[in-house]
Each structure stands twice: as C-alpha cells, then as structure tokens.
Amino acid sequence: MALEQMRPVSRRYDEDEHALPTEWVDYYWQTGRKGAPGSLGGATDGFVQVCIQAEELCFGDAGLYLRMPTAALGGSAVSAAGTPEQKERFLRPFRESPHPIWGAMAITEASAGSDSAAIQTSARYDAERDEWVLNGTKIFCTAGEGASQIEGGFVVVWATVDKTLGRGGIKSFVVPAKTPGMKLVGLEKKLGIRASDTATLVFEDCRVASANLLGGRAKAEKKAEPARAGDKGFKGAMATFDASRPIVAAMAVGVGRAALDFLVEELARQGVEIRYDSPPRSQTALERDVIDMQAELQAARLLTWRAASMMNRGRPNSLEASMAKAKAGLVVTKITQKAVELLGPPGYSKKLLVEKWMRDAKINDIYEGTQQINQLIVARRILEYSSSQLR
Amino acid sequence: MIDFEPTEEQALIRDTVAEFARGEIRPRARDADESGKIPEDVLARAHELGLIANGLPEAYGGGGERSALTGALVAEELAHGDLSIALAILAPGLLAYPVADLGSEAQKARLLPALIASPGALGTLALQEPRFDSDPYRPRTQARRTADGWRLDGAKCLVPWPETVRHVLVLASVDETLAGFVVPSEAAGLRATPDAYLGIRALPTAELSLDDVKLPAEARLDGAPDGSARALVARGRVGLAALAVGVASAAFELARDYAKERHAFGAPIATKQAMAFKLADMAIEIDGARLLVWEAAWRLDRGEDATREATLAMQQVRRVALEVTDGAVQVFGGHGYIREYLPELLLRNARGFACFEALSLV
Ligand SMILES: Cc1cc2nc3c(=O)[nH]c(=O)nc-3n(C[C@H](O)[C@H](O)[C@H](O)COP(=O)(O)OP(=O)(O)OC[C@H]3O[C@@H](n4cnc5c(N)ncnc54)[C@H](O)[C@@H]3O)c2cc1C
C-alpha cells in the first residue's frame with residue numbers, strides 16, 4: 001500500500017496543498033480499510049499492530065496517512081472517554097458509511113497550545129433543550145475539513161463549562177459534521193504534511209445534544225462535586241494521549257525510516273557499503289553517521305512498541321508513551337535533516353522525496369505535546385514531582 | 001592580533017546594508033519564497049548601493065575596495081533579510097570576483113565593465129554537481145584540450161540562473177587540476193533546466209548539462225600567477241558561512257522575541273528553562289560561528305591562505321544554522337510549522353548550506 005498507492009502521489013499532493021487526494025482516499029475507503037485497520041480509533045488491543053501499521057503507512061507518506069478517512073484522534077477520544085452507547089453511535093459510521101468520512105480532535109486555540117487547560121472555548125448547558133452550546137475558535141485541527149463538512153464524521157471539541165474551575169472545568173463534546181454553528185474558516189499552509197488538512201474551526205452558538213458530552217450525562221450531572229467530576233473528565237481526555245502518542249511516535253519512525261532506507265539504498269547504488277563489522281575507528285564518517293541514525297531510529301521504535309504493548313496489557317503507560325514520542329519526534333527530525341545533507345545537492349533537490357520527508361518529519365517534534373512537554377511529563381515522573389512542583 | 005570591532009567605515013557599510021535588509025528585503029521574503037520570484041526593485045536598489053561593484057577593480061568601473069571582512073559583514077546582513085534575495089544580489093559576484101582574481105587583462109576588460117554596470121545578473125557560477133559526493137575541488141565535469149581550445153562535458157546543479165544571465169563560470173577538471181571556464185549561456189551543447197530545492201525557492205536555479213561544449217582557448221581563466229581556482233574555494237566558503245550566520249541570527253532574533261511574547265502556563269515561554277537555555281545556546285553558537293567567519297576573512301585580507309579557517313567556519317555554520325533555525329521552529333511550536341511565520345522558511349534555507357559551495361563570494 002505504502003509503495004504502490006502512496007508514494008506515486010506523494011509529490012503531487014505535497015505541491016497541490018489543499019486538494020483532496022481522491023484516489024488515495026477512495027482506495028483506502030474501498031480496500032485498505034478492510035485489510036488494514038490503520039484507524040486510530042477503536043483499537044485497545046493489538047496496539048503494537050496499530051503502531052506497525054502507522055509506521056508502514058507513514059513510510060509511504062505521512063501527509064496522506066493523516067488524510068485517511070478514519071475517526072483518527074477523534075476516535076481515540078471517543079474510545080478512551082466515551083460510553084458504550086457513544087462508541088457505537090459515533091464509530092459505527094466508520095464501518096458503515098457508504099462514502100469516506102473523517103473524525104478529528106480540536107483542542108488547540110490561538111492562545112492555548114501546550115497549555116491545553118487554558119482553553120477559552122466555552123460550553124453552556126441549556127437545560128430547557130437539554131443541549132450544550134459551544135462558543136470559541138479552534139486552530140490547527142487535523143482532518144478538520146473533512147470532519148466538519150462531510151456527513152457522518154465528527155469533531156471532538158474541548159471546552160470549559162466553568163472557567164473558574166481551570167482544568168477541572170474542561171470537558172469534551174462530540175460535534176457531528178455539519179452541525180449548525182460549526183464553521184470551517186480556514187486551512188493552514190504548512191512546512192510539511194501538506195496532504196493533511198489543518199483547519200481553523202469557529203463555533204458560534206453551536207448546539208449539541210447533551211448525549212454528546214463524552215463520558216455521558218451522568219458524570220456531567222454530578223453537580224455536587226463539579227470539580228472532582230470535572231477533573232476526571234480532563235484526565236480522561238488526557239488519557240487519549242497515552243493511546244495516541246505511541247501511534248504518533250510510530251508515524252514519526254515511518255517517516256524517518258523512509259529517509260534512512262532511501263539513503264542506504266542510494267549509497268549502496270553508489271558503491272558505498274555500510275560495514276557493521278569493522279571497528280569504529282576504521283569506519284568512514286559516512287558509515288558512522290548511518291549506523292548512528294539506524295541506532296537512533298531503532299531505539300525510538302522499541303520505545304514506541306514498549307509503550308504500545310503496555311497498552312495492550314492494560315498497564316498505565318503515560319510515562320512510556322511520552323518517552324517514545326519525545327525520542328521519536330526528535331530523532332526523525334534529525335535523521336531526515338541528516339539524510340538531506342548526506343545525499344548532497346540531490347538530497348536538497350525536489351527531484352527526490354528526501355527533502356519532503358525532512359519537512360514532514362518536523363511536525364512529530366511539535367504536535368501531540370511538543371518535545372519539551374513530553375520531556376516535562378517524563379521529568380515529573382522520574383523526579384516524582386507534581387505538575388505544580390515542576391512546570 | 002584580531003580586532004573584534006569593525007572599522008568605522010565597515011560599520012557604516014554594515015549599518016547601511018542592515019537597514020536595507022530590514023526595511024526592504026525582509027518584508028519581501030515570504031512572498032518571494034511562495035511566488036518563486038526575486039523582486040526586481042530590490043535588485044535594482046542593491047545595485048545602486050554598489051555592493052558587488054565596490055570590491056571590483058577601479059580600472060573597470062569598480063570601487064577597488066576589496067575586503068573579505070567587509071564582504072562577510074555585508075553578506076551576513078543581506079542574509080539576515082533573506083537568503084534567496086541575498087544570493088540573487090550577490091550572484092553577479094560569482095562570476096565577477098573570480099574573473100577579477102584569476103582572469104587575464106583581456107578577460108577582465110571583456111567581462112567586468114558590463115558585470116559592474118548592469119543591475120541584472122549577467123554572470124553566474126556552476127560549481128556543484130548533482131551527486132551525493134559532489135566535490136568543488138575535484139569536479140567530474142571534464143575539460144579537454146582540442147586543437148583550437150577546449151571541450152567541456154559534464155553536469156552541474158544549483159546554478160543561480162537569472163533570466164539576464166549571459167555568462168556562466170564552469171568549474172571543470174583539467175587532468176587533475178581545477179580550472180574555470182567562461183561559457184556563454186547560449187553556447188551549443190549547454191542545456192539549462194530549471195531545478196527546485198527545499199529552500200532558496202525564490203532564487204531561480206538551473207541544472208546544466210554540458211555535452212561537448214566547444215570553447216576557444218581564451219575561455220579559460222588563467223591570468224593569475226598560479227592560475228588556480230582552488231584558492232577561491234576558501235573565499236566562497238567565507239562568503240557562504242557569513243550568509244549562514246545571517247540566516248541563523250535572523251532565526252534567533254525571531255525566536256527570542258516570540259519567546260518573550262508568547263505565554264503558556266501563565267508566563268512567557270522564555271521563562272521556561274527549556275526555552276531560555278535553547279535561546280542561550282543559539283546565541284553562543286552564533287557568536288562562535290561568526291568569529292570563525294571573521295577570522296577566516298581576516299586571514300584572506302592579510303593575503304594569507306585561509307583554506308583551513310574557511311573550512312572550519314563552513315563546517316561549523318552547517319550545523320549551527322540548522323540547529324538554530326530548527327530551534328526557532330521549535331520555539332514557535334505549532335506556529336513554527338505554519339508558512340505564515342518565518343522560522344520554517346529559515347530552516348529550509350539553512351539546510352542548504354549542507355551542499356552550497358561558491359568561489360570568491362567575498
Ligand atoms: C500540523 C499541525 C497539526 C495539528 N493537529 C492538531 C489537532 O488535530 N488537534 C489539536 O487540538 N491540535 C493540533 N495541533 C496543535 C499542536 O498540538 C500544538 O501546536 C502544540 O501542542 C503546541 O502548542 P502551540 O503551538 O500553542 O505552542 P506553545 O504552547 O505556544 O509552545 C511554544 C514553545 O514553548 C514550549 N513550551 C510551552 N510550555 C512549556 C513548558 N512548560 N516548559 C518548556 N517549554 C514549554 C513549547 O515546547 C514550544 O517549544 C496541530 C498543530 C500542527 C502544526
């Protein structure tokens with residue numbers, strides 16, 4: 001799939017930034033979806049498998065991977081925090097819809113990225129109609145175009161029901177595509193992953209049924225203990241990341257591998273063999289660079305699989321998930337940058353895809369918690385500091 | 001030994017160029033990158049400032065004030081504005097300086113006056129080759145003697161190729177030595193195809209194929225005492241390294257200002273040590289790299305061989321420019337990945353120093 005369906009259109013959808021890669025989307029919807037789960041949503045077992053698929057597909061093209069019609073991060077949120085009824089209601093269309101649909105997750109706002117507890121988007125409960133009313137603007141929403149516009153998809157939106165409660169007041173709401181009041185107002189032009197749509201969504205008195213509050217009405221109505229119930233909501237939402245960070249790390253590894261495998265093949269074609277069996281002092285700088293890159297990538301991959309396999313066994317993995325994401329995001333950024341360098345002028349040229357992989361790789365160091373935020377999470381855990389002790 | 005302050009005159013030139021770069025180049029950088037076009041009026045203005053002419057011999061209409069150190073200061077400031085535009089401005093020098101340094105009197109008289117007088121870049125340089133082990137000292141492009149001149153065969157890439165170009169200096173191996181040949185852009189057997197790169201998107205560049213290009217004997221630059229183009233690679237590296245420092249310092253300043261403005265967790269992100277130390281590292285690395293550039297330039301100005309110093313400078317800036325621009329993207333977080341902001345553009349440009357080579361940029 002990666003080599004036959006994705007690579008041939010890689011360059012085209014990198015250049016034609018906001019176009020829908022129809023052949024790929026249709027192919028995935030008709031064929032790929034069945035054979036390869038690939039979907040970020042749903043799976044709580046077979047997590048290593050999901051990571052392997054993510055790596056393979058991003059070895060093909062990370063931008064196209066993110067444009068696949070799946071429930072994606074929105075699905076992870078529904079799986080992690082939704083009631084059984086909600087999982088059924090929101091995820092079923094991804095099995096049954098006659099046409100491709102998308103899910104997305106909207107947390108980030110213009111003035112709240114890493115600090116997701118500082119979001120301003122508000123949710124007001126309208127008791128008369130038993131609905132929640134959302135107001136605010138979300139930026140950088142991956143797959144937000146499809147998820148907000150194509151019937152059957154949905155956007156999971158983080159909003160605060162009471163700003164005075166801080167993170168305790170944050171809850172997530174499932175907003176079905178085409179809900180009145182949800183508007184797509186813009187798409188970003190980016191360094192890389194250009195085949196993926198990154199949307200700005202505005203919510204203006206956007207009404208959703210109370211049944212769309214993730215985790216269900218019961219929890220939300222624990223008015224007596226709003227803070228505690230709410231904090232659980234926030235933690236629940238954050239738990240999404242324990243599942244999604246290993247996948248993002250695996251995606252990163254896929255991009256890094258694309259560049260590294262290509263480099264090694266190209267060098268072999270030029271008569272440069274990597275001699276793994278000779279002592280470091282007699283290796284060339286080039287050989288050592290390649291061996292370093294391979295070691296870094298493999299370490300990132302193993303950290304990723306470990307975090308995923310802990311998920312499989314139902315063990316808490318937030319430390320390991322952050323380790324994997326921090327490592328993978330950084331090493332693939334460096335590996336792809338180095339690959340451009342080692343390939344000389346052709347590496348820098350648009351004739352090869354290596355320069356694209358360098359652009360695609362960098363996002364892994366930024367989203368799903370930046371490098372620094374994941375380091376912070378790891379640091380808190382290994383030092384046994386709370387989030388107020390170490391910020 | 002080495003003085004860390006520019007002379008009064010150098011400071012004046014630097015400040016003039018800095019003002020030009022901040023006022024007229026930087027605001028055009030994003031547009032130029034997206035549209036793939038160099039703004040003509042900026043080139044015209046740079047020509048008025050005499051940035052290239054100033055260092056060329058007076059006898060042909062230049063200013064006769066050649067200094068590698070001044071050249072490095074100018075290059076850094078221009079690139080602080082934008083690398084593509086800086087390279088477009090400096091492009092005429094890619095031919096003019098080597099001709100001034102290595103050309104015979106006849107070659108200088110034939111080429112320099114037009115190169116100096118024209119606001120468009122009439123000359124350019126073909127040095128790098130489309131291979132992973134491209135080597136400026138040992139090009140695969142071959143020049144062979146014929147009964148009445150030379151014959152060139154090979155391939156070049158990353159050649160600045162403005163529409164106005166009339167001559168290209170092609171570096172080729174003659175037996176085991178490096179030699180330069182002035183080739184008319186219209187020469188039979190020379191084919192230029194536009195190429196595109198990760199960065200320097202605004203600079204028109206071409207891949208050249210040279211297929212049995214026949215040249216007269218006087219096409220070879222060989223007026224200098226040793227006739228060697230090798231010595232000029234160091235001058236190229238000093239110029240490129242200065243440009244890289246300009247790119248890095250632009251990225252650093254953007255990141256520093258952003259970090260002080262952007263709030264997360266109730267405070268400017270610059271107050272987080274992860275950010276503060278990153279910015280401190282950037283500042284240290286940039287200053288270190290700049291001093292390497294200055295030292296190499298200073299040696300050149302004293303007429304010494306600066307091959308080693310220029311190579312150290314280039315090696316250092318390759319890493320520093322990449323790390324600092326990558327760091328700027330990181331400091332900007334998600335916004336760094338968006339093309340509305342400059343860090344990603346600086347990162348793409350900075351990576352180019354991994355494969356850029358030039359002759360005598362200063
Ligand atoms: C292409 C793309 C797709 C995205 N997709 C989604 C999506 O689908 N859904 C969604 O909700 N969001 C999405 N995002 C947003 C992304 O998750 C955020 O950009 C990211 O979390 C960083 O937030 P920010 O951009 O506001 O940076 P900021 O939070 O402003 O961070 C700026 C810098 O400060 C550093 N920093 C911040 N706090 C600290 C600290 N305490 N200690 C040390 N350093 C710190 C950061 O590491 C970073 O280097 C996407 C972004 C991009 C670019």
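**View 1. A cluster of rings draws on chains A and B.** A:Tyr348, B:Tyr197, B:Phe353 and B:Phe356 are linked into a cluster by ring pairs. Rings of Phe, Tyr and Trp (its six-membered ring) pair if their centres lie within 6.5 Å; planes under 30 degrees apart are stacked, over 60 edge-to-face, and the rest tilted. This is a predicted model, where local features need pLDDT of at least 70 and side-chain atom pairs pLDDT 80 or more, while totals for chains, interfaces and linings use all residues; side-chain values use heavy atoms, without hydrogens and water. Residues are numbered from 1 along each chain as its sequence is written, with chains lettered from A and ligands numbered from 1 in the order in which they are written. Over all chains, the count is 13 aromatic pairs.

View 2. A:Phe90 sits in helix 5 (residues 84–91) of chain A and A:Phe154 in strand 4 (residues 154–160) of chain A, 64 residues apart. Helices (H or I, at least four residues) and strands (E, at least two) are DSSP runs, numbered from the N terminus. A:Phe90 is buried at 7% relative accessibility, and A:Phe154 is buried at 1%. Buried means under 20% relative accessible area, exposed over 50%, and partly exposed in between (1.4 Å probe, protein chains only).

**View 3. B:Phe353 and B:Phe356 pair edge-to-face.** Their ring centres are 5.3 Å apart, with 70 degrees between the planes. B:Phe353 is buried, at 0% relative accessible area. B:Phe356 is buried too, at 7%.

**View 4. The ligand site is shared between chains, because residues from chains A and B surround the ligand.** Of the 33 residues around the ligand, A:Ser114, A:Phe140, A:Thr370, B:Arg262 and B:Gln330 come nearest. A residue is near the ligand if one of its heavy atoms lies within 4 Å of it. A polar side-chain atom of A:Thr108 lies 2.6 Å from a ligand nitrogen atom. A:Ser114 places a side-chain N or O atom 2.6 Å from a ligand oxygen atom. For B:Arg262, a polar side-chain atom is 2.6 Å from an oxygen atom of the ligand.

View 5. A disulfide is a pair of cysteine sulfur atoms within 2.5 Å. The whole structure holds 0 disulfides over all chains. A:Cys141 is buried, with a relative accessible area of 0%. A:Cys206 is buried, also at 0%.

How values were computed. Polar contact = N/O pair within 3.5 Å; in protein donor to acceptor, adjacent residues only side chain to side chain.
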